[in-house]
Structures are given as C-alpha cells and as structure tokens.
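Student: Could we go through this structure together? I should like to begin with the charged side chains.

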Amino acid sequence: MLQRDPLNPMLLDQELAARTELLAAQQNYQSFLQQKAKINWIRDGDRNTSLFHVGKVTKAYISYYKTLLSSKMENRKKKVVFEIPGNKAPGPDGFSSFYFQDNWELVGEDVYRTVTSFFDSGKILKEINTTVLTMVPKMKCPNTVKDFKPIACCNAIYKIATKLLSSRIKCILPELVSSSQGGS
C-alpha cells in the first residue's frame, strides 16, 4: 500500500510504528539471549564451551609450546652460563656467574637439572626466583632519588633460565607473530 501512495501520512505513521515495534522485539530477543548465555556460563563455566570441555586441546597447546621452547636448549645451558658476565652483581644467594663458571664440573649437572625442571614444570623454587633491588649512587654525593640507579640482583640460575627462554623466544617469535601483526 505504501508503494502505491508513498506520501500518505497515515501509511508512513503505520510503517514507523511497525519498524519501532520490530526493533523493540529484536532488542528484547537479543537481551533474552544475553541473559540466557550468562545463566549458562554461571551454571556451566568452562564446561559450557567445547574447547575447554575437551581437555586434550589444552594438553595439546601445552605440549606444543613446551616442545617449541625446550628443543635445542640442552646444548645451550652450559654455553649460557659462560656467556653471563661473571663480574655482575651476585644474586641474593651471594653467588655470581663466576662461581658457576669456575665450578661447572661440580655444579653443572645440578644447574642443568634445575633449569630443565623449570622448563618442564613451569615452577621454580622461590629461593631461585628471588631478586634484591639495590640502589647504586650515580655520583659521589647523591642528594635525591634521581641520583641513584636501581640494580636488580637476580639469582644466577634465574638468569640462566631467563637467558635460555628469551633466546628461544627470539628464535621462534617470527613463527608465532606474523609481520602484519607488528606495529609500525
């Protein structure tokens, strides 16, 4: 009817009323679906999604990244120990990299097992994961906070694990992040 008489004010009002009613019905239905989804999420949590319902998917991701990050690291552990400058500040345990370099024959296997355990489990002893922040003066007579620089004294084993992890991530990052995802 509106097509025959497009300027009829009564037909235009009826069309506007029908569109308004349709829009309200669509909004009510969308609100209903959102509330239903919230109820399902509250009731089922992660079980509500098929991704988390199948534990194999989670295990597959963990296995993939564990393999990706741990491959080729076995040969690098000793090399990394000797790459860390020994004259850096010692960690909270009092040992610098010099200690591990000088005593590699004695402690090398323990260091290897500790770092390997960290990569396998994702857990590290809190004593190893301890860092002491030290404020070192930048000048002879510091007067303000700006006159100091913070130095983080990390445990040598923590430094080894971090250096291995960062070197591995550096190698695989191009595989994980597309060049189109990088910022300009």
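Predicted model: local features only at pLDDT ≥ 70, side-chain atom pairs only at ≥ 80, totals over all residues.

Student: How far apart are N and O in the salt bridge of Asp110 and Arg113?

Tutor: The N to O distance between these two side chains is 2.6 Å. A salt bridge is a side-chain nitrogen of Lys or Arg within 4 Å of a carboxyl oxygen of Asp or Glu.

Student: Why does Asp110 count as partly exposed?

Tutor: Its relative accessible area is 40%, so Asp110 falls in the partly exposed class. That class lies between buried, under 20% relative accessible area, and exposed, over 50% (1.4 Å probe, protein chains only). Arg113 is partly exposed too, at 47%.

Student: How many salt bridges does the structure hold?

Tutor: There are four. One of them pairs Glu15 with Arg19 at 3.1 Å, N to O; both residues lie in helix H1 (residues 9-44), four residues apart. Arg19 is exposed, with a relative accessible area of 57%, while Glu15 is partly exposed at 30%.

Student: Which residue forms a salt bridge with Glu83?

Tutor: Lys163 does, with the closest N and O atoms 4.0 Å apart. This pair links distant parts of the chain, since Glu83 is in helix H4 (residues 76-83) and Lys163 is in helix H7, 80 residues apart.

Student: Now for H7. What span should its residues have?

Tutor: At 1.5 Å a residue, the 21 residues of H7 (residues 156-176) should span 30 Å, and the end C-alpha atoms are 29 Å apart, which agrees. The expected span is 1.5 Å times one less than the number of residues.

Student: Where does H7 bend?

Tutor: H7 bends by about 35° at Lys170, and a proline, Pro174, follows within four residues. The bend is the angle between axes fitted to the seven residues ending at a position and the seven starting there.

Student: What happens at the start of H7?

Tutor: A side-chain oxygen of Asn155 reaches to within 2.9 Å of the backbone nitrogen of Ile157. Asn155 sits in the loop between strand S2 (148-154) and H7, and is buried, with a relative accessible area of 5%. Its side chain also joins that of Asp93 through a polar contact of 3.1 Å. A polar contact is a pair of N or O atoms within 3.5 Å; within protein, one must be able to donate a hydrogen and the other to accept it, and residues adjacent in sequence count only if both atoms are side-chain atoms.

Student: Which residues of H7 are buried?

Tutor: Among them are Ile157, Ile160, Leu164 and Ile172.

Terms used:
Residues numbered from 1 in each chain as written. Heavy atoms only, no water. Helix = DSSP H or I, 4+ residues; strand = E, 2+ residues; numbered from the N terminus.
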